[in-house]
Amino acid sequence: MCEAMCGLRLQVVDGRVESIRGNGEDVWSRGHVCPKGVSLGHLHDDPDRLRRPLVRRPDGSHVAVSWDDALAEAERVLRPVLASDGARALTVYVGNPVAHNHGLGTHIGALIGFAQAAGMQAYYSPGTVDQWPLNVVGSLLFGAMWSAPIPDLLRTDHLMMLGANPAVSQGSMLSAPDIMGLLASIAKRGRVVVIDPRRTQTAARASEWVPIQPGTDALLLFAILRTLDEHGWVRRPEHLRGRVVGLDEALALADPFTPERVGPATGIAPTTIRRLAEQLAHAENPVLYSRIGACTQEFGTLATWLVFVINIALGALDRVGGALFPKPAVWTPMLSKPPDQDGDGWRFGRFHSRVRHAPEVLGQFPVGCLAEEIDTPGDGRIRALITVAGNPAVSAPGAARLSAALPKLDAMIAIDSYLNETTRHAHVILPGLSPLERSHIDDLYWMYSVASCVKWSDPVFEPEAGRPQEWELLLRLGGALFGTPVPEVDVAALDDLYVAGMIATMSALPDNPLTGIDADIVMGALDGRGPERLADLGIRVGPWGDRFGARRGGLTLAEVRRHPDGLRLAELEGGRLGEAVTTPSGQVELIHAHITDDIPRLRARLDAPNPELVLTSRRHLRSNNSWLHNVPTLMRGRDRCTLLIHPIDAARVGVITGGAARVSTSEGAVTVTAEVTDEVMPGVVSLPHGWGHGLSGTQLGTANRHPGVNSNLLNPTDLIDVPSNTHVVNGVPCQVGPDRQ
């Protein structure tokens, strides 16, 4: 359910979960668990979780039907769109829960790949309101869009974090058990510095909290980089010699950004900036780490890029105690450069959106484009949408327009377990299984973990007979795009085609574990079907795999299953640049025009006055975007969907704790309960994302009793981090006043 990947021990009595606790024998988490993990039984038993498909009636209501009838209805609404306009009139939205569901994670590529082969242009995801700057920087600097070194939490003595709150996230693109315990250990032996507009739970427990004007992290980082260079504190260790290109050019680009010049914009005194740089320079094992807050701002790509530039300037890259590349035990195609990015380097802007002409970045347009692509008439209009475990009516900027656009679709099919704010518009909802009804193996998040482990979990409960799994639904819809009626798609044959095609494609490409392997031999040797077969493949060609008999005693899925508490295979180590970096030169390539062309826009920000108030986002430990708000045990306690506002600002605009505040932006306005607190710096207000329940046509008993307000009614679609197409949700200019209605 989250990137911490905690091992759980369940006690089941008479077919029901009696208790859930942390598994003390788990080789990874050693018993650590947070409230989300122990809620799995409640999620499984949730009476609102869909067990049967739903079909929308003409009056807009939904009715439960058989699987045969649901598939027939999917065919009825989808086929006319494909017959008249083809797959170019269709798109797919991929939600965040896909990353935590092995079956969806392995086979979402089948649906998207088949759709693109049939003519679909781009797909959408929360990536462009989440971590897309990290993916862009990883692609260009290190060669792969999911490649990024992580801080060595076990051995660093000085950690600077920007826009990260692991006390709530449990780690983001950084997996570690009991991460707050690890941060406490760092603070004891050195320093933990948190740069954030809000004194988060993490900041409150750090050595130092440095509040910063939202959207100016790149200015601060450039000033730190310049200060390191000015005082001769840049380290050029032997292990990076010949491994990095472009550091001198990056240092030269920092020259205009003196601490005195960036101080007014960032809200940080020049003396503080110089002290922060000096402390980094004189620490034995310093490292920087940034996450969502640094990505989802006006200069998210530059901020993310500068984190890695400074880590290199500190000599921290690929060094124990610094920024290290994990070694995942399970290989996944996500680790490789996709075939559509042929040539020497990554290319962006290969095609553009129809309405605003937004360039493609990593195969996607900004998710805020989806509404206009649906509701704007003309050739190429999106008429059909498949959503997979996603709720963009809540999670996408410009949410009001999207909610109004979805009913205009001629075909909307949702693979989802809830009738929520998005799926209420679907013609057909095809429910998935509960997390306790399906097998699971983590693959994506071991790419960001502080140790190399592998764990497999069999289902706790057998699903009801006849219920398809999500990966089978993905294949069925993908196969239907080539003319076969949805009910008649041969799922097993298509699974064989998908897996064999992926193996054959990768074996013909250079620099991946399948290079040169005979696809027929591999297909014949793999166990199982669907995601189980791909798990076996990933394990066997991974660093500890048997490589189909070539490595005696190597791992297979069958061997991993013999260890229910997991296998711990290695700890983080340095010296991995040679295998982890896959750029055309084989070196870390710091300078790319796609990134540095945005610096003039950043320089212009120096002369722009800070808005009187800006809006930022946040979330809670018991929440995970919008998809855990229907679990009663997680919704207990005080109202968490409040507007945080500093006492100085509250007095100026006339709002009080517990009073109704009206928040407005260029996009819209909402009314929300105010919470006056010095937790946020002056000039900043904070509203959590993922809320906005209580809408008609939904079936979310608990969530609808705690509706909150949808922050994406306030987030405009035209505020964009240019290089990555990521929406700005941290630093949105706003106005606040009392709601006098």
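In helix α10, residues P259, E260, V262 and T266 meet P270, I273 and R274 of helix α11. Contact here means heavy atoms within 4.5 Å. The residues of this contact divide into four nonpolar, one polar and two charged. Ala, Val, Leu, Ile, Met, Phe, Trp, Tyr, Cys and Pro count as nonpolar, Asp, Glu, Lys and Arg as charged, and the others, Gly among them, as polar.

The model is predicted; local features need pLDDT of at least 70, side-chain atom pairs count only at pLDDT 80 or more, and totals for chains, interfaces and linings use all residues. Residues are numbered from 1 along each chain as its sequence is written, and side-chain values use heavy atoms, with hydrogens and water left out.

Two packed helices are described by the angle between their axes and the distance between the axes. Helix α10 spans residues 259-266 and helix α11 spans residues 270-282. Helices (H or I, at least four residues) and strands (E, at least two) are DSSP runs, numbered from the N terminus. The angle between α10 and α11 is about 115°, and their axes are 8 Å apart. Axes are lines fitted to C-alpha atoms, for helices over the stretch in contact, and angles run from 0 to 180 degrees between N-to-C directions. That makes α10 roughly perpendicular to α11. Angles under 35 degrees count as roughly parallel, over 145 as roughly antiparallel, 65 to 115 as roughly perpendicular and the rest as oblique. The crossing of α10 and α11 is right-handed. A crossing is left-handed if the near helix is turned anticlockwise from the far one by less than a right angle, and right-handed if clockwise.

From α3, the contact uses T106, H107, G109, A110 and F114; from α18, it uses L494, D495 and Y498. Four of the contact residues are nonpolar, three polar and one charged.

Nine aromatic pairs occur in the structure. Rings of Phe, Tyr and Trp (its six-membered ring) pair if their centres lie within 6.5 Å; planes under 30 degrees apart count as stacked, over 60 as edge-to-face and the rest as tilted. One of the pairs is F114 with Y498, edge-to-face at 6.4 Å centre to centre, with 70° between the planes. F114 lies in α3 (residues 102-118) and Y498 in α18 (residues 491-507), so the pair links distant parts of the chain, 384 residues apart. F114 is buried, at 14% relative accessibility. Y498 is also buried, at 16%. Buried means under 20% relative accessible area, exposed over 50%, and partly exposed in between (1.4 Å probe, protein chains only). F114, F482 and Y498 form one aromatic cluster.

The rings of F142 and F308 have centres 5.3 Å apart and planes at 90°, so this pair is edge-to-face. F142 belongs to helix α4 (residues 132-142) and F308 to helix α13 (residues 300-313), so the pair ties together parts 166 residues apart in sequence. Both F142 and F308 are buried.

Two loop residues complete the account. I382 sits in the loop between α14 (370-375) and β13 (384-388). I382 is buried, at 7% relative accessibility. Beyond its neighbours within four places in sequence, I382 is in contact with R88, A89, L90, T91, E373, I374 and L409. D597 lies in the loop between α23 (593-596) and α24 (599-605). D597 is exposed, with a relative accessible area of 58%.
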